Amino acid sequence: MRAWHFSENAYPYLPPADTYSSIRVTLPNKVYDPAKGADLYHRYIDEWLIAEEAGLDIMLNEHHQTATCVDPAAPLMLAILARASTKARLLILGNPISNRRQPVRIAEEMAMVDVISKGRLEAGFVRGVPYEILPANSNPVRMNERHWEALDLIVKAWTTQDGPFSWEGNFFHHRSVNIWPRPWQQPHPPIWVSTTSPSGAFAVGERGYVQATFLTGFEGTRQVFDGYRRGWQKAGRKGPVPIDRLAYAALVYAAPTQKEAYAGAEKLLWYVTANKVPPHIANPPGYVPVAANLAMMRGAEHPLSGFKKNASVEAAIESGLMFAGTPDQVAAQFKKVYDYVGGFGHLLIMGQAGFLEHEDTVLGIKTFAREVYPRLKEAYPDSTPSYTPKAADGTGKFAGAYSGP
Amino acid sequence: MKTSVIKLAGVDVEVFEAGSGNPLLWLHGANGFAPAHPFVKPFAERRRLVVPSHPGFGKSDLPLWIDRPDDIAVMYLELLDRLGIAKTEIVGCSLGGWIAAEMASMAPERFAKIVLVAPAGVKVGPGDKLDIPDIWALPQEEVNKLVFHDPAKMAVDPANLSDEQLTIMLRNRETTALLTWEPWMHNPKLKHRLHRVKAPTLFVRGVSDGLMSAAYVDAYAKLVPGARTATIAAAGHAPQLEQPAAFAATVLPFLDG
């Protein structure tokens, strides 16, 4: 079991929610105070490094034109962390490759970070939530097709070492691709893909990349992982899916007492409750299949939308979206979800949101790392790694830090 | 009256035909076509009306290689060949008007008369302001107000549609997004090709159209040699649906004249 500290770098100092129609895309950026924003960036970087010191790995992501995640260029933050951290694995989850138009540039960025960090990169790729469509001016139709073509191109760019190759696909065209640097990890860094739908997970399973799912609770997570398992088998692989292929992102807050823990967990709910977005921005045409849109027009509701109406720490724990409480309680809640969904090898900890202040964030990180993490590692040992890249220098050492001139 | 499936460039396209006489190719807008649309009767009484459902609309297929209106324009020139129509009148509404304008710029000699109803397809205003409002960035109620003169009467209530009708409606929306997303609602090349159009051309606009402004339609018409414009009262973006009698009374004399 590996645990990753994930922070969205939110900017929570907003006017009352009833004064704006959407926290994403249309909220004017005059609301953002760069002075406060600078302090937040430095604070969030500190928290990642505190998590690393406590033994956790590091995860970050990217969103655009939103107060919920002021990290619109995650590779920049990743580059800072590659230099500032020394031992944590660095997971970017991820690069929105359906919305970024230069997959080769992304291959270059990731290769740079892999080399600077001496092989600590875990390269994640996401299709992107629907609210990313307008900021990217990205066509919401055929995103999956673009996603897979972009990822195939990136892998080819990482793994081609004998000079330029050309690419003439449906969406991307290059006459000469020959990236410098090539990645530290050979043939390429571990690849992650996130999706919260079973059909999406099937496609990830076919390719055997690490599958992450976010806040999908008991039922949704089981369906996603089952979709992955079907794809994994469809591709002709024998045996069960190794747990290091599966990751679950939950809101996690551990503290010495239940009272402290619930107070912190309450603030983490901001992550879900503050996400005010009108339907036309949340569901552009073509983002979900026609059949799913039909079901919505007939009244079907996204599970998170239902939860949001009566959000509480108890309900979040009950749904499997959150692990919160004393270390004993968190471990017990974790076990329930783990057993129900059939196991997973990575816990992506959404451990900071909204107004969870620095001291409380650190308390949550440290309590988890000290009191919960060792138990999880013991109870859910890693499977044999299904993908072991080699270091480019042949030493097999990945976690090296820059040691000065 | 019949609906058949014709394979064009390997794509199965649903084609509705009604009436007899001189051919009239009718290209529907973003909302698609249904044989019950009120313009069918007055036009089929006077013409051989041919209405294809664009690829990705109705039950027509949508292959991966199609992603722009001019892809469809080329297919429809082939449709005319297949139907043995050397020269035709054409009416194109909104997205269909864009396809019709592309066709007329590609093969001016194939058209006897051209009617463009609130057509998309060109960019005439400044670069930092959309010519046509972004319908995907607005709530549906606001879009309805832009599209219809009388939204209370005209807007579709999904509750009244069958699953099959809703599925087609949702697929039509998706294909519209695919075709019009970027550049938004226009082909930057088209305005440099429209001077080739030879046939008498009429632009029609509903007076309450909130999508295609009068300034936009007027500027578009100036790109087509000799084009005229007409306005339909008490109608929005789809005067052929909202005021079918007034629409026919404006368009049929132009076609006959």
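Phe203(B) has Thr229(B) in β8(B) as its bridge partner. The model is predicted: local features need pLDDT of at least 70, side-chain atom pairs count only at pLDDT 80 or more, and totals for chains, interfaces and linings use all residues. Residues are numbered from 1 along each chain as its sequence is written, while chains are lettered from A and ligands numbered from 1 in the order in which they are written.

**The sheet in chain B**

β7(B) and β8(B) pair in the parallel sense over 5 bridges. Pairing here requires at least two DSSP bridges between two strands. Helices (H or I, at least four residues) and strands (E, at least two) are DSSP runs, numbered from the N terminus. Both strands belong to an open sheet of 8 strands in chain B, ordered β1-β2-β4-β3-β5-β6-β7-β8, with mixed pairing. Its edge strands are β1 (2-8) and β8 of chain B, each pairing on one side only. On average, neighbouring strands of this sheet are turned by 25° against each other, direction ignored.

**Helix α7 over the sheet**

α7(B) lies across β7 and β8 of chain B and runs at about 175° to β7(B). Axes are lines fitted to C-alpha atoms, for helices over the stretch in contact; angles run from 0 to 180 degrees between N-to-C directions. In α7 (residues 214-222) of chain B, the buried residues are Tyr216(B), Val217(B) and Tyr220(B). They cover an arc of only 95° around the axis, so they sit on the same side of α7(B). That arc is taken from the directions from the helix axis to the C-beta atoms. Ala214(B) and Ala215(B), on the other side of α7(B), are exposed. Buried means 20 or more other C-beta atoms within 10 Å of a residue's own, exposed 12 or fewer, partly exposed in between, with C-beta atoms placed from the backbone. The cover over the buried residues of α7(B) includes β7 (201-206) and β8 (228-232) of chain B.

Chain A holds 15 helices and 13 strands. Its C-alpha atoms fill a box of roughly 60 × 50 × 45 Å along the principal axes.

| Property of chain A | Value |
|---|---|
| Buried residues | 47% of the 405 residues |
| Contacts joining residues at least 24 apart | 77% of contacts between residues at least 6 apart in sequence |

Contact means C-beta atoms, placed from the backbone, within 7 Å. By that criterion, 15 residues of chain A touch 18 residues of chain B. Helix α11 (residues 290-297) of chain A supplies the largest share of the chain A side, 4 residues.

Key. Two residues are in contact if their C-beta atoms, placed from the backbone, lie within 7 Å.
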